Amino acid sequence: MLLFLSDLHLAPRRPALLARFRVLLEEQAGRVEALYILGDLFDAWIGDDDPAPFATEVKRLLKRFSETTPLFFQRGNRDFMVGDRFSTETGARLLEDEAVVEHQGLRLLLMHGDQLCTDDIEYQQVRAQLRSPQFRQQALALSIPERRALAAEYRRRSGESLSLKPADITDVNPDTVRQALESHHADLLIHGHTHRPAIHELEINGRTARRVVLPDWREEEPRCGVTLEHSRLEWLTL
Ligand code: MN
């Protein structure tokens, strides 16, 4: 059984979610075949050298989990600054922004999902800038407090910091979804980002493909991820 999570938006100001994540890791360690975290584990990540106790604590939890269970991490739009040091310190293997995984005869396409929201042209332009090696180099040359201020500024400008409600996040573009499934010959697309948890079915060249949108973590939302076993999808609740 594989387990997929995304959009936890862990932050020091949301201790209840960190407690829930700790419980999930303790319960699932050694039980699932692998855990895939598909981005936005963190509400913000300013660099792997952040010495804050919160960052250190999450890394410690992930490290303990990965000692018994394979762990994979894909960057989201909030934690795209995660890098190799994070991978070494947590034992999480980093995935490309579009990752294909074969599981029990199914081809899975894993994405954070922000790259599917192509109706928001301005966002896609900013995304390309932020993901460039130049930006990464310049950002990492700044001090930790400077980076913290920069991250807050970007969130303010994107408007996304004001709300994590789906109504304020652009949804995926259906054509972009089709193209992604077709070009990777995938049976199943799993992504997060839009905060609109659902399992959709769609016809692609005469066969049925599925698109799973992972739930974001909120205190009033019992669903926290999805499991996959023998092509059966089930919500994990906690
Ligand atoms: Mn996101």
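The structure is a predicted model, in which local features need pLDDT of at least 70 and side-chain atom pairs count only at pLDDT 80 or more, while totals for chains, interfaces and linings use all residues. Residues are numbered from 1 along each chain as its sequence is written, and side-chain values use heavy atoms, with hydrogens and water left out.

**Manganese site**

- The manganese ion is coordinated by Asp 40 (OD), Asn 77 (OD1), His 112 (NE2) and His 193 (ND1), at 2.1 to 2.2 Å.
- Donors are N, O and S atoms within 2.8 Å of the metal (3.2 Å for Na, K and Ca); water is not among the atoms, so sites may look incomplete.
- Along the chain, the donors of the manganese ion follow the spacing D-x36-N-x34-H-x80-H.
- Asp 40, in the loop between β2 (34-37) and α2 (53-66), and His 112, in the loop between β6 (106-110) and α4 (121-130), are 72 residues apart and link distant parts of the chain.
- Helices (H or I, at least four residues) and strands (E, at least two) are DSSP runs, numbered from the N terminus.
- Asp 40 counts as buried because its relative accessibility is 1%, and His 112 is buried with a relative accessible area of 1%.
- Buried means under 20% relative accessible area, exposed over 50%, and partly exposed in between (1.4 Å probe, protein chains only).

**Aromatic contacts**

- Rings of Phe, Tyr and Trp (its six-membered ring) pair if their centres lie within 6.5 Å; planes under 30 degrees apart count as stacked, over 60 as edge-to-face and the rest as tilted.
- By this rule there are 10 aromatic pairs.
- In one of them, the ring centres of Phe 21 and Trp 217 are 6.1 Å apart and the planes stand at 75 degrees, so the pair is edge-to-face.
- Phe 21 belongs to helix α1 (residues 15-28) and Trp 217 to the loop between β9 (207-213) and β10 (223-229), so this pair ties together parts that are 196 residues apart in sequence.
- Both Phe 21 and Trp 217 are buried.
- Trp 45 and Phe 86 also form an edge-to-face pair, because their ring centres are 5.5 Å apart and their planes lie at 75 degrees.
- Trp 45 is in the loop between β2 and α2 and Phe 86 in helix α3 (residues 84-90), so the pair ties together parts 41 residues apart in sequence.
- Trp 45 is buried, with a relative accessible area of 5%, and Phe 86 is buried at 0%.
- One aromatic cluster is formed by Phe 42, Trp 45, Phe 54, Phe 73 and Phe 86.

**Charges over rings**

- A charge sits over a ring if NZ of Lys or CZ of Arg is within 6 Å of the ring centre and within 35 degrees of the ring normal.
- The charged end of Arg 20 sits over the ring of Trp 217, 4.9 Å from its centre.
- Arg 223 lies over the face of Trp 235, at 5.0 Å from the ring centre.

**Pockets**

- On a 1 Å grid over the protein atoms alone, a pocket is an open set of points with protein on both sides within 12 Å along at least five of seven lines, and lining residues have an atom within 4 Å of a point.
- The largest pocket has a volume of about 770 Å³, and Tyr 123, Val 126, Leu 130, Tyr 154 and Ser 158 are the closest to its centre of the 32 residues that line it.
- A volume is the space filled by probe spheres set on the grid points, which are joined across faces, edges and corners.
- Helix α6 gives the most to the lining of the largest pocket, with seven residues; by class, this lining has 15 nonpolar, five polar and 12 charged residues.
- The second largest pocket holds about 240 Å³ of space, and Pro 12, Ala 44, Trp 45, Asp 50 and Arg 148 lie nearest its centre among its 15 lining residues.
- Two or more residues of the lining of the second largest pocket come from each of α2 and α6, and α6 gives the most, with three residues.

**Backbone**

- Asp 7, in the loop between β1 (2-5) and α1, has a positive phi of about 55 degrees although it is not a glycine.
- Gln 104, in the loop between β5 (99-103) and β6, has a positive phi of about 45 degrees and is likewise not a glycine.
- Asp 7 counts as buried at 0% relative accessibility, whereas Gln 104 is partly exposed at 41%.

Key: On a 1 Å grid over the protein atoms alone, a cavity is a set of points where a 1.4 Å probe fits but cannot get out, and a pocket is an open set with protein on both sides within 12 Å along at least five of seven lines; lining residues have an atom within 4 Å of a point. Ala, Val, Leu, Ile, Met, Phe, Trp, Tyr, Cys and Pro count as nonpolar, Asp, Glu, Lys and Arg as charged, and the others, Gly among them, as polar.
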